[in-house]
Amino acid sequence: MGIYGMMTGKAGKSGFGSASTAEDVTQSIDANHLTAIITGGTSGIGLEAARVLGMRGAHVIIAARNTKAANESKEMILKMNPNARIDYLQLDLSSIKSVRSFVHQFLALNLPLNILINNAGVMFCPFQLTEDGIESQFATNHIGHFLLTNLLLDKMKSSARDSGIEGRIVNLSSVAHTYTYPEGIKFDSINDPDKYSEKKAYGQSKLANLLHSNALSRKLQEEGVNITVNSVHPGLVTTNLFRHSGLGMAVFKAMSFFLWKNIPQGAATTCYVALHPSLKGVTGMYFADCNITTPSKFATDKSLADKLWDFSIKLIDSLPN
């Protein structure tokens with residue numbers, strides 16, 4: 001959409017723009033027949049997406065590390081909409097064991113799965129390794145969601161086949177995917193503290209989200225599966241993701257205040273891609289301000305996407321189940 005569109009909120013080809021809210025872009029959509037999982041649905045744009053999908057009738061499963069916060073989010077949504085169908089399950093995306101446990105618990109519910117929104121994430125974290133020995137931003141933002149998606153794919157495929165309803169996977173990326181390491185993904189030194197930049201590591205993980213989306217979209221198209229996979233940039237939104245930001249970010253926010261969205265606006269693109277009927281069959285795209293936009297050259301590199309896919313599989317397979 002560009003800076004002008006961000007500043008003015010002018011609608012793009014979709015009829016929506018940076019000023020549109022999640023309620024605006026889902027107006028009159030009936031989602032009563034849909035079940036959705038949203039990771040990180042306890043705050044910020046994840047919570048708003050959960051609320052709005054629930055408002056439109058979807059059965060929403062909030063996947064969250066903190067079950068107390070998840071329960072509070074559920075109660076808040078139900079207070080606003082007593083008819084909402086909201087549940088939650090514990091999920092720590094930085095833990096392979098937790099991802100597997102979440103999928104086991106969800107499958108035991110014997111629910112369909114029509115929408116998967118990979119929303120949760122961490123940003124600008126100081127260097128640290130997860131319990132699995134993986135750099136935390138790469139582990140949480142990419143590897144956790146990569147495994148979660150792969151483990152839920154069979155359920156999504158059967159839900160799409162049995163119901164005839166298109167499945168949709170939405171990966172939260174960011175414009176930050178353009179600010180990464182020179183090679184895009186530094187496969188040989190993911191866990192090297194001496195080569196670590198907290199901002200470039202975040203950009204690397206967001207690039208990985210885009211590459212994952214594009215590779216999975218191609219694979220599902222080749223299989224003829226009725227599931228779309230798209231990436232979104234929610235915009236500049238003040239959420240608790242910025243808790244690790246320093247003075248430099250505070251100055252940037254002050255200087256660019258006119259570009260920042262509120263949370264209902266920040267959740268709009270996610271909800272648009274997850275629910276809007278005009279996007280039926282649209283897959284492998286990158287959206288910002290509810291319109292298709294062009295990502296970086298790295299993000300459209302098929303060989304890099306395939307290399308990341310193989311790297312992710314091998315990394316997960318090397319860890320104890």
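**Close-up views of helix packing and the sheet**

**View 1. Helix H6 packs against helix H7 in this predicted model.** Helix H6 (residues 136-163) and helix H7 (residues 198-223) meet at an angle of about 15 degrees, and their axes are 8 Å apart. Angles under 35 degrees count as roughly parallel, so H6 is roughly parallel to H7. The crossing of these two helices is right-handed. On the H6 side, the contact is made by Gln-137, Phe-138, Asn-141, His-142, His-145, Phe-146, Thr-149, Leu-153 and Lys-157. On the H7 side, the contact residues include Glu-198, Ala-201, Tyr-202, His-212, Leu-216, Leu-220 and Glu-223. Sorted by class, the residues of the contact of H6 with H7 are eight nonpolar, nine polar and four charged.

**View 2. Helix H6 also packs against helix H11.** Helix H11 covers residues 302-317, and its axis is 11 Å from that of H6. The angle between H6 and H11 is about 85 degrees. Angles of 65 to 115 degrees count as roughly perpendicular, and H6 and H11 are therefore roughly perpendicular to each other. H6 contributes Phe-138, His-142, Ile-143, Phe-146, Leu-147 and Asn-150 to this contact. H11 contributes Leu-308, Trp-309, Phe-311, Ser-312, Ile-313, Leu-315 and Ile-316. The contact of H6 with H11 has 10 nonpolar and three polar residues, and no charged ones.

**View 3. Eight strands form an open sheet.** The order of the strands across the sheet is E3-E2-E1-E4-E5-E6-E7-E8, and their pairing is mixed. Strands of a sheet pair through backbone hydrogen bonds, either parallel or antiparallel. Strand E3 (85-90) and strand E8 (291-293) are the edge strands, and each of them pairs on one side only. On average, neighbouring strands of this sheet are turned by 25 degrees against each other, with direction ignored.

View 4. One of the residues to look for is Ile-61, whose bridge partner in E3 is Asp-87.

**View 5. Helices H4 and H5 lie across strands of the sheet.** Helix H4 (residues 67-80) lies across E2 and E3, and runs at about 175 degrees to E3. Helix H5 (residues 96-108) lies across strand E1 (35-39), E2 and E3. The angle of H5 to E3 is about 140 degrees.

Key:
Residues numbered from 1 in each chain as written. Predicted model: local features only at pLDDT ≥ 70, side-chain atom pairs only at ≥ 80, totals over all residues. Heavy atoms only, no water. Pairing = 2+ DSSP bridges. Helix = DSSP H or I, 4+ residues; strand = E, 2+ residues; numbered from the N terminus. Axes fitted to C-alpha atoms, helices over the stretch in contact; angles between N-to-C directions. Contact = heavy atoms within 4.5 Å. Parallel < 35°, antiparallel > 145°, perpendicular 65-115°, else oblique. Left-handed = near helix turned anticlockwise from the far one by under 90°. Nonpolar A, V, L, I, M, F, W, Y, C, P; charged D, E, K, R; others polar.
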